[in-house]
Amino acid sequence: MLSFVAVLISLAAGSLAAADPSAIFATDPAQALERTCFQTGQAWNGAGNLRSDVALVYGIDARLPERLASWRDHGYRVHVMTGVAWGQYQDYIEGKFDGVRHEDEEQTDRNGHPHHHGNSADVFYMCPGTNYGNYLCVGVQRALDAGAEAIHLEEPEFWVQDGYSAGFKREWQSYYHEAWQPPHSSVDAQWRASKLKYFLYRRALQQVFDYVQQFNRRTGRQVRCYVPTHSLLNYAHWRIVSPESSLARLNGCDGYIAQVWTGTSRTPNVYRGELRERTFETAFLEYGAMQNLVRSTGRRVWYLNDPVEDNPNHDWNDYRRNWESTLTASLFQPEVWRYEVAPWPERIFAGRYPRGLPRDQRQPIPPAYATELQVVMNALNDMNQSKVAWDCGTAGLGVVVSDSLMFERGEPNGSDEHLSQFYGLALPLLKRGMPVTPVQLENLTVPNYLEGFHVLLLSYHGQKPLSPEVNVALADWVKGGGTLLVVDDDADPYNHVREWWNSDGRSYATPRQHLFEQLGVNNQTFGTGDTTNAAPVGRGRVYWWRADPAALAGKADGGEQVATRVRATAIAAGLPWRAANHLLLRRGPYVVGAGLDESVAGDPKVLPGRFINLFDAQLRVRREVSLAPGSRVFLLDLDAVHPEEPVVLAAACKALRRPAATNQLRLAVEGAANTPAVVLLGGLNAAPKAVALGGTPVSEVEYSAADHLVWIRFSNEAAARELEIKF
């Protein structure tokens, strides 16, 4: 791992021709780590020039090669991204690919309406037939021929409301060997429809992964495959079925991009009986769910951040506030240090909002926000830090989630519309400053997956285990010393669907009964009524609380009830119990903090010292930071950085060190065109004698003798220039 100083002032190989506006940016030796990326549907342009390690070039149409080449020629690593469930795939629908028309593979609702994507009249969500994956491979081959280093197949999505097309009926017959049933006709039909949707996109993706692996074997290249996807929590909340955790078990799947952003995380949920947006908390749990898709698997994940979001009718203050919340939430997952810093950078730096206003009243990005974004985007290159320390409430807590959260969302008797079977258990802990983690049930069989967890909360309300093996693995964890709190009243009608627990010789009324058998307990072990008695199991213990988590979320005191029960189980397990009104995490020299509302009473957490808040476009030194309710901070702790020579501490541009004479610092600088840049240097014992950019003196230079810092301000250009500082 590169040190803090090494990452920010990486020595560049190669030449920089500052006078040539088409000059390639100086080589970053850490670029191969692919720490940051962004997706774009355009060729290289100044507004999209974020200088991340990777450009994700979108679309597999005939003009892809020239778009891809334009980014590669400007020094980017190049990946290709395209939609899996939808796209400009009319030639497949119209039969130009294989001579067969495929209108019957459009996702269709019970009224016979095909499901359009967005406002496009001829772009539909697809029900992928057996030849659909082969069709996608044709466009993927175009990307491979163009030199793509990786393929990203985004958003494999099948809507719960759909499942009525002729194509889906054929797939049902083939998969289940029985006649199709309308998904809304029974809970069993809805469950089986969702399982089929889950399978169909897994099959389509495996076809493409296999194709790329065959290409690699044939050519000796090592093209990777990733799946950009929303979190399980969001897909379940929005009533979409996607393969999620099962993709990690497909041959050739190298990982994910966690598509979590304001648009997903501002979806309202219920806490203490109140329905409202909780963007930070929802994002925290969404990112946690995505990290748990890959933990202990060796696969890679990037976290998406979006400074604008898809809805164009908010103002810049809304975009900025929510971006800071989601960005902060993403930083609270220290195991992840790769980020997609923006989708569609051109809409950020060249867009005008809100779109609902007359055109002449829409506003371009505020200069301070443009600066802040680039400061943070560049800092995200340095998040691979080995020293990590929490200051918050009790850690080691998890809430178990299954992909089957997506299977119980339609008619009849769908699970709680606000996904309260999950949020009813997770929010009471998170709101008390506890970094609770969604734990992927399907991954419990992965070795060491539950390492670091002490208490797990589990409900089979709104979800079911997809195999008996996960119950066995969960029981083994308890026997080894874990504590399990089961919150379930067995009232979920989906307990009665045709599944492994009531077929093939098994006759359990619920999957919970099978779990209890693996644990060596039964209903009588816990007596009757509402009890908190523990049953010892090996070196661990299990509790059973006969309750519906969704009902608890709807009660004013429901959160307190959950916290009280978890507190008792944690203390009995020997886990120190602490509630807090903040979350605080140190990642090397960085400090990530959030003040929580709807939390425990008490004064805000106060941090004394010398900090640069990277959300502050001026990058001013702060001697004290308070985590008041609703606050979000991303800090550089100046007292944790001890440079022995002048060094870049933060910058609203890419700033790479160039060879220079003694008493001189030379940097190659480049950023989004026509945005305000600032470079903050540390380790200076005196003010610079001269500062020049591209040979022209820089007038905005400020020095702090007290902190040995210098601020240099100028306007970004998309072409690389040399910043020369003489001491």
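**View 1. Phe168 is a buried residue.** With a relative accessible area of 0%, Phe168 counts as buried (under 20% relative accessible area; exposed is over 50% and partly exposed in between, using a 1.4 Å probe and protein chains only). This is a predicted model, in which local features need pLDDT of at least 70, side-chain atom pairs count only at pLDDT 80 or more, and totals for chains, interfaces and linings use all residues. Residues are numbered from 1 along each chain as its sequence is written, and side-chain values use heavy atoms, leaving out hydrogens and water.

**View 2. Phe168 pairs with Trp172.** The structure holds 42 aromatic pairs (rings of Phe, Tyr and Trp, the last by its six-membered ring, with centres within 6.5 Å; planes under 30 degrees apart are stacked, over 60 edge-to-face and the rest tilted). The ring centres of Phe168 and Trp172 lie 6.3 Å apart with planes at 70°, so this pair is edge-to-face. Trp172 is also buried, at a relative accessible area of 0%.

**View 3. An aromatic cluster.** Here Trp316, Tyr319, Trp323, Tyr353, Tyr369, Tyr590, Phe615 and Phe634 come together as one cluster.

**View 4. Helices α4 and α6 pack together.** Look for α4 at residues 132-146 and α6 at residues 187-219 (helices are DSSP runs of H or I, at least four residues, numbered from the N terminus). Their axes are 9 Å apart, at an angle of about 40° (lines fitted to C-alpha atoms over the stretch in contact, with angles from 0 to 180 degrees between N-to-C directions). Among the residues that meet are Leu136 and Val140 in α4, and Val208 and Tyr211 in α6 (heavy atoms within 4.5 Å).

Definitions and conventions:
Helices (H or I, at least four residues) and strands (E, at least two) are DSSP runs, numbered from the N terminus.
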